[in-house]
Amino acid sequence: MITSYFTIFRFQTGVTIESTPVANSDGYIHTALEEIVSLTCKHNTTSEDDNELVWLRNDVQVSLNEGNKKGQSRVCISPVILEDRETTFTCHLRNNASDRHSVVLNVTHAPPLTDPEVVTVEEEASLILKCNIEAYPPVSSVVWKLNGTNVDLKASQLTLTNDGLFSTLTTEKVQRSLHEATYHCETESPLYGPQTKVFTVHVTDKTLKFPLYPMIAGIVVVSLTALLAVAARWRKIVKCVK
C-alpha cells in the first residue's frame with residue numbers, strides 16, 4: 001500500500017505533502033548524502049482555477065514544468081548533497097500562500113576522509129597535515145597516531161588544532177628523525193562509526209636556495225660590464241685600423 005511508503009502531513013485543510021523517505025512528526029526527512037528524496041504536493045480542490053501549486057526551496061521558488069503545477073506537483077532531490085542539509089521545501093497554492101505545507105531535509109554524513117595521502121617535505125621546512133572531520137552528526141572524537149601510537153605532541157614537537165571542520169597537525173621545522181612517519185587521523189562517529197585518514201610523510205634533504213632577484217641583478221651587471229668592455233676594445237681596434 002502507498003501509505004506504507006509515504007507519510008502525509010496536513011498543516012492546512014487543503015495542501016498536503018507526501019514524502020519518501022518517511023518524515024517524522026516534526027516534518028523532518030532523515031536522509032544521507034547521495035540518496036534520493038521524492039516529494040509530492042497535493043491539493044484537494046476540484047477547481048482548475050484554484051489548484052495551481054508553487055514549490056519553494058528555502059523561500060526561493062522552484063521552476064516547474066507546465067504539466068507539474070495543477071492539483072498535484074512533484075519534485076525530486078537527486079542526489080542529496082551537503083548543501084541540502086537543513087533545507088526547507090514548502091508547497092502552497094499560488095492564489096492562497098497561507099495554505100501551505102513544509103518539510104525539512106535532515107542530511108547525515110560521515111567525515112569525508114579520502115584516500116591515503118603521501119606528503120613529501122624538506123627538512124627544516126614546515127609541515128601541515130589537515131584531516132577533514134566535518135560530519136553530521138558531529139564526530140564524537142578525533143585521535144592522531146604516529147606509527148601506530150598516539151601522538152605525543154611535546155616529544156614530536158607538533159601542534160594540534162581543531163576548528164570543528166578540520167583537525168590539523170603542524171610543525172614549523174621538520175626533522176627527519178621526528179617527523180618521517182605514517183600518521184593516522186582516526187575519527188569516531190555516533191552514526192557511522194570509525195573512519196581513518198592516512199598520511200605518509202617523507203622527509204628529503206634540505207636544498208640550498210639562492211636568492212633569485214639578487215642573482216639576476218648580478219648576472220645583468222656582469223653582462224653589461226662585459227659588453228662595455230668589448231665595445232671599448234672595438235673602438236680601439238677601429239682607431240688602429242684607421
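Cys 131 is buried, its relative accessible area being 1%, where buried means under 20% relative accessible area, exposed over 50% and partly exposed in between (1.4 Å probe, protein chains only). The model is predicted, so that local features need pLDDT of at least 70 and side-chain atom pairs count only at pLDDT 80 or more, while totals for chains, interfaces and linings use all residues. Residues are numbered from 1 along each chain as its sequence is written, and side-chain values use heavy atoms, with hydrogens and water left out.

**Disulfides and cysteines**

- Two disulfides are counted, a disulfide being a pair of cysteine sulfur atoms within 2.5 Å.
- Cys 131 is joined to Cys 185 by a disulfide with an S to S distance of 2.0 Å.
- This pair links distant parts of the chain, 54 residues apart: Cys 131 lies in strand S11 (residues 127–132) and Cys 185 in strand S16 (residues 182–189); strands are DSSP runs (E, at least two residues), numbered from the N terminus.
- Because the torsion about the S-S bond of Cys 131 and Cys 185 is about -85 degrees, this disulfide is left-handed.
- Cys 185 is buried, at 0% relative accessibility.
- The sulfur atoms of Cys 41 and Cys 91 are 1.9 Å apart in the other disulfide, and both residues are buried.
- Cys 76, by contrast, is exposed, with a relative accessible area of 54%.

**Strand pairing**

- Strands S3 (residues 28–32) and S9 (residues 96–108) pair in the parallel sense over five bridges; pairing requires that DSSP finds at least two bridges between two strands.
- His 30 has Asn 106 in S9 as its bridge partner.
- Strand S8 (residues 88–93) runs antiparallel to S9, joined by six bridges.
- S8 and S9 form a hairpin with two residues between them.

How values were computed:
Helices (H or I, at least four residues) and strands (E, at least two) are DSSP runs, numbered from the N terminus.
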